[in-house]
Amino acid sequence: MGKQPNLYAFDHLEGLAATLRTYIIQCQNAGLERHAVFRVAVSGGSLPSMLAKALLEPSQSGPDDVVDFAKWEIFFADERAVPLDHPDSNYKVLQDELLDKIPVHMGRPKVHPIDVKDLDDVQELADQYQEALMQSFAAKDSVKLPIFDLLLLGCGPDGHTCSLFPNHELLRESDAWVAPIEDSPKAPARRITLSLPVVTHGIKIAFVATGEGKRDIMKQIFDTEEGRSLPCGLVNEGGAEKVSWFTDSIAVKGVAFPRRGSL
C-alpha cells in the first residue's frame, strides 16, 4: 500500500481550529520561503467561518505564529456562475466570513474573484479564470499544472469536493486547469471548478469536515473500496501523504482508518 493521507480528529472545534492554524502557518511560511508569496485555493460552504476561527485569533506563540495576509494570493477552488454579491457566491461567503473581518495590521490578501461579465457563458468563465491562474503561475505551455502551496477544501455529504461530483465526466478531465460544469447535481447548476489533477498537484491539500452529517461519508471515503472512487477519495489517492483531514470526533465516529496524534 502506498503512502496515505493524514487524518486528525478533535473533541472540540477549538482544538481543530488551533491545529489548523498551525498547519496553515507552516504551509504559508514554506510558500514564502519558496517564492515570497503564498498561493492558496479555497472552497466555500462552512470552510470560511472555520478559517476565520483559526486565523483571526491573536498570535499566541511569537514570530512563528503570524498570519501574513499581505503575502497571500487567494484563488477559488470552485465558484458558482452568479454575481459576486449573490448568496451562492463562494467569493461572498469568504468575504463575509473572513476577508471583511481581517484586522488592518494583518494585511490584505490579493483575491482573485471570477469575471462577472462572463456569467452567461461558463466555458468562457472557466477560460478566463484559467487565464488568471496562468498569469500567476506562468503560462500554461511552460508549466503543465499550477502548483498551489495549499488547497483548503470541504467535503460534501455525497463525497464531492470543489465542484467535482461523484461519477461526473469532469473527474476524467486531464488537460484543463479550470473546467466548466452546467449540470451540477447541487444547485446552482452552473459553476467552474479546478480540475482533479490541479487539486492533487498541490504541495499541501487540507480538508475540513465536521459534524454528525459527515459521519456516513467519512466512513465510506476512508473505510470502503467504493469510497476510493468518490471525488474526495480520488484526492486522497492522488495526493496521498500531502493530504490532511481536520475533523471533529463526531464526524469520524466509527471510522476505522487510523488517526494521527499531531502534525
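Student: Leaving aside neighbours within four places in sequence, which residues is Ile 24 in contact with?
Tutor: Ile 24 is in contact (heavy atoms within 4.5 Å) with Phe 38, Leu 51, Leu 55, Trp 72, Leu 150 and Leu 152. This is a predicted model, where local features need pLDDT of at least 70, side-chain atom pairs count only at pLDDT 80 or more, and totals for chains, interfaces and linings use all residues. Residues are numbered from 1 along each chain as its sequence is written, and side-chain values use heavy atoms, with hydrogens and water left out.

Student: Which residues touch the most other members of the largest nonpolar core?
Tutor: Leu 20, Ile 24, Leu 194 and Trp 245, out of 82 residues. Such a core is a set of buried Ala, Val, Leu, Ile, Met, Phe, Trp, Tyr and Cys residues joined through side-chain atoms within 4.5 Å, buried meaning under 20% relative accessible area with a 1.4 Å probe, protein chains only.

Student: And which residues of helix 1 are buried?
Tutor: Among them are Leu 16, Leu 20, Ile 24 and Gly 31. Helices here are DSSP runs of H or I with at least four residues, and strands are E runs of at least two, numbered from the N terminus.

Student: Switching to the sheet, what is the strand order?
Tutor: The open sheet of seven strands runs 1-10-9-6-2-3-5, with parallel pairing; two strands pair if DSSP finds at least two bridges between them. Its edge strands are strand 1 (6-10) and strand 5 (110-111).

Student: How many bridges join strand 3 to strand 5?
Tutor: Two, and Ile 74 stands opposite Val 111 in strand 5.

Methods
Buried means under 20% relative accessible area, exposed over 50%, partly exposed in between (1.4 Å probe, protein chains only).
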